[in-house]
Amino acid sequence: SFSVEGLTVALVGKPGISSSPIVIGSKGVQKVYLDEIESQLPSLHNQSYPDSGLFGEKWSSLLMESIGTNDLLGRELDGLKTFVEFPDSFLGNSLETISKVISTRNARGVDVDTFYISKTGFDTHHDVERGLKGLFNELDEAIFAFSEEMKMMHIWNNVTVIQTSDFGRTLNPNGNDGTDHAWGGN
């Protein structure tokens, strides 16, 4: 599973059984600059002794795995182009990156991926109409480009997009032409 610009509990799965989610940037995989220590990392993180700590070994193992995964994914995504031009927005950049990751599914040996994006800005306590118009336009343009890209890749019928919100809003406006937090039935 992949998360764009942050980790979420929604992708954690079952500890000790599920793979760790991979966090990627909205504009792709961030390069890890290890410079002169890169050649020394394997020898530093592959040594264990009878009195080595379990947590230290696990940390070392995860560090080496994450560096390898980051390097592999970065190489796979480097230079990839999409069929569709995505809007230059957080959601547009994120969905373009997700499209590129999806296009590497054969090289990564997977047939199912899960992606997570969190978009903020919907806490509209004032000027709700103007604020939502911009947010919905960004959402519409980005999802349209993503759907067109998936259609060009001939996999749109195998893609599920789920949008959720973490809390409700009141239907009645407040004094600032916005809305306030709501709760069950209010």
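This is a predicted model: local features need pLDDT of at least 70, side-chain atom pairs count only at pLDDT 80 or more; totals for chains, interfaces and linings use all residues.
**Ground rules.** I number residues from 1 along each chain as its sequence is written. Local features need pLDDT of at least 70 and side-chain atom pairs count only at pLDDT 80 or more, while totals for chains, interfaces and linings use all residues; side-chain values use heavy atoms, with hydrogens and water left out.

**Confidence.** I checked pLDDT (the predictor's confidence in each residue, from 0 to 100). The protein averages 83, and 91% of the residues score at least 70.

**T82.** I found T82 in the loop between α2 (54-77) and α3 (90-103); helices here are DSSP runs (H or I, at least four residues) and strands likewise (E, at least two), numbered from the N terminus. Leaving aside neighbours within four places in sequence, T82 is in contact (heavy atoms within 4.5 Å) with E96, S99, K100 and E149.

**K31.** I looked up K31 next, in the loop between β2 (22-24) and α1. K31 and L135 sit 104 residues apart in sequence and 30 Å apart in space, C-alpha to C-alpha.

**Pockets.** I took a pocket as an open set of points on a 1 Å grid over the protein atoms alone, where a 1.4 Å probe fits, with protein on both sides within 12 Å along at least five of seven lines; lining residues have an atom within 4 Å of a point. Of the 40 residues that line the largest pocket, F115, I117, V161, I162 and Q163 are closest to its centre. Helix α5 gives the largest share of that lining, 6 residues. For the second largest pocket I noted 26 lining residues, with S20, P21, I22, E65 and T69 nearest its centre. There α2 gives the largest share, 10 residues.
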